[in-house]
Amino acid sequence: MMKRTLVPPAAASAAASSCRQPLPHKHSTCSSLLLPPPLLQFFSHRFHSTTMASDPQLRRIDFSNIKKLQDALFLFDKMLRMRPLPSTIQFTRLLTAVTKMKHYSASISLYKEMGVLGIPINEYTMSIAINCCCHLSRVNCGFAILGSFFRRGILPNVATFSTLLKGLVLEDRVPEAVELFSKLLRERVCEPNEVMYGTIVSGLCRTGNTSRATQLLRQMEEEGKCKPDTVIYSTVIDGLCKDRMVDDALALFSEMIKKCIPPNVVTYTSLIDGLCHEGRLKEVIRMLRNMGSRKISPNVHTFSVIVDALCKQGMTEVARKSFDSMADLGLVPNIITYNALINGYCKSFKMDKAMRLLREMPCKGLKPDVISYNIILQALFRCGKCGAALKLFDDMQAAGVVPDAVVYCILLDGLCKNGRLAEALSVFSMLNSKGIYLDIAAYTSIIDGLCKDGKLGSARELFDNLSSKGLMPDVITYNIMMNGLCQEGLLDEAKELLVKMEENGCMPNEVTYDTVVKGFLKKKRYREAMTLLEEMRARGFSADPSTSEIVVDLLLAKSQDPAQLEMIKRILPTSKDGVENTE
DNA sequence: ATAGGGTTAG
């Protein structure tokens, strides 16, 4: 009875071989079965319990050949036709393969199909389904699946909850993740392990709560039940580096070495990245040597970090050498390495070299992405090469790269800044009519373009209508609007806007004050300018040197009043020397 | 032979 198959073996193998033809996947599986799902379920339980380990046929299912989604779907169909039916473990392995290819929706469909067909599901299968929901930013669906655990009498475990925690983190719901984590510990729902701690630690680091993450690491050490491992140390080290606390990161690094927790290439790459951002290149070299002495080789990631840092330090040629040296280690630059170097060339105005790299990418099997194009587009506009930029924009779309909000912003901004407001406006209205989402930066560029073109009325209108589009002006938008008002001599309105922005929860910055102060100075409303400078100083901002100069010149020319000079010294520390010299 | 955590670019 156990070995009984639902279809005669000959028919089964015929069905299996016919799977090479593309199958209309969705519904073919159900109709290919001779029994309705409830009966199948009845039988598959039997197969599952006794034949799974012993049947040599099952061991032959090869998941390593799955290269694309289609392969997996064919195999799924094929598995459904195998008799006896492959075990839950085999189906779970298939789901793993689909999930690893990031076909999350497909994976969920297959999971549901398993349910419909009555193939038994266990905590592993369900955790995969939850993981897929999480990657689709549907952690609530993940919690719904958690509910089905209980209905099926299956207990969720530490992996299930780690997955859900990760899902909350992915949706920027770290406080909820922390809350759930505490609850799990408090109510002893499951014993936390390294992975669970790792998830919560990384969530905290990603949201800038590095100190809380460090606390958790210490807590793990103290409790001693589950000791922080390489991943957790690396996560906190990375968090500290991102907070510019590289020395603390280095201290933690020494600590892990002292505790015999071996750093790996990720640990080193984070530290190298942190040191690079601080411009501590000598220590980077030391770190690379240190790495070598531990027989840890840099990977593509490490090189991307180094190439990027060298480019940002203006050492594009050294970056190029580093890029080329990857081949010696058998490493192949990826799109991120390319983008870093392209960015370097763009920043040093070597547009031909940047373009050459972009053209080289397809030859190396890499498809330039929207970021590759963004970097070059922005640079072309900055060099005033509008024609070349517009052509590249067309090339990009021809290459099938879909422009995003950033590209449109670069395009609009580039056109405006190059005095091609009319074109910018026509692109702008075209995008609007197509209903393409434009972010606040894009609107800000247009407002700036309108102001600079003397169309303050239109700028103001657009500015006032931002909220109707669901957009909030940011500090740059306000600064640009204030600058426009000041240029037209509408100082009182500019000052009103300064008050209004704060009321709207937008903090003014140095540029904000500088803009308005300059406006008042230009209109010779010195008293108001000085009042604003005082306010600015009280907030810990210092005036732009050019503003300070104007003030000093004006006041020195106007008055020799020592009290006033004293005031200048106080509020314009940058110009103190100049004042003293003339005394 | 089945699930879950850390590093990169505008």
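Where is the place of lysine 102? I found lysine 102 in the loop between H6 and helix H7 (104-117); helices here are DSSP runs of H or I, at least four residues, numbered from the N terminus.

The model is predicted; local features need pLDDT of at least 70, side-chain atom pairs count only at pLDDT 80 or more, and totals for chains, interfaces and linings use all residues. Residues are numbered from 1 along each chain as its sequence is written, and chains are lettered from A and ligands numbered from 1 in the order written.

Backbone entries. I noted a positive phi of about 65° at lysine 102, which is not a glycine. Most residues other than glycine have a negative phi, and most peptide bonds are trans. Lysine 102 is exposed, with 12 other C-beta atoms within 10 Å (buried means 20 or more, exposed 12 or fewer, partly exposed in between, with C-beta atoms placed from the backbone). Next I checked lysine 295, in the loop between helix H17 (281-293) and helix H18 (300-312). Its phi is positive, about 60°. Lysine 295 has 6 C-beta neighbours inside 10 Å and counts as exposed. I also logged a cis peptide bond from arginine 83 to proline 84, omega near 0°. Proline 84 sits in the loop between helix H5 (69-81) and helix H6 (88-100).

DNA entry. I looked up the 56 residues around DNA strand B (C-beta, placed from the backbone, within 6 Å of the strand). Tyr124, Gly198, Val266, Ile336 and Val406 come nearest. By class I have 18 nonpolar, 27 polar and 11 charged (nonpolar: Ala, Val, Leu, Ile, Met, Phe, Trp, Tyr, Cys, Pro; charged: Asp, Glu, Lys, Arg; polar: the others, Gly among them).

Methods
Helices (H or I, at least four residues) and strands (E, at least two) are DSSP runs, numbered from the N terminus.
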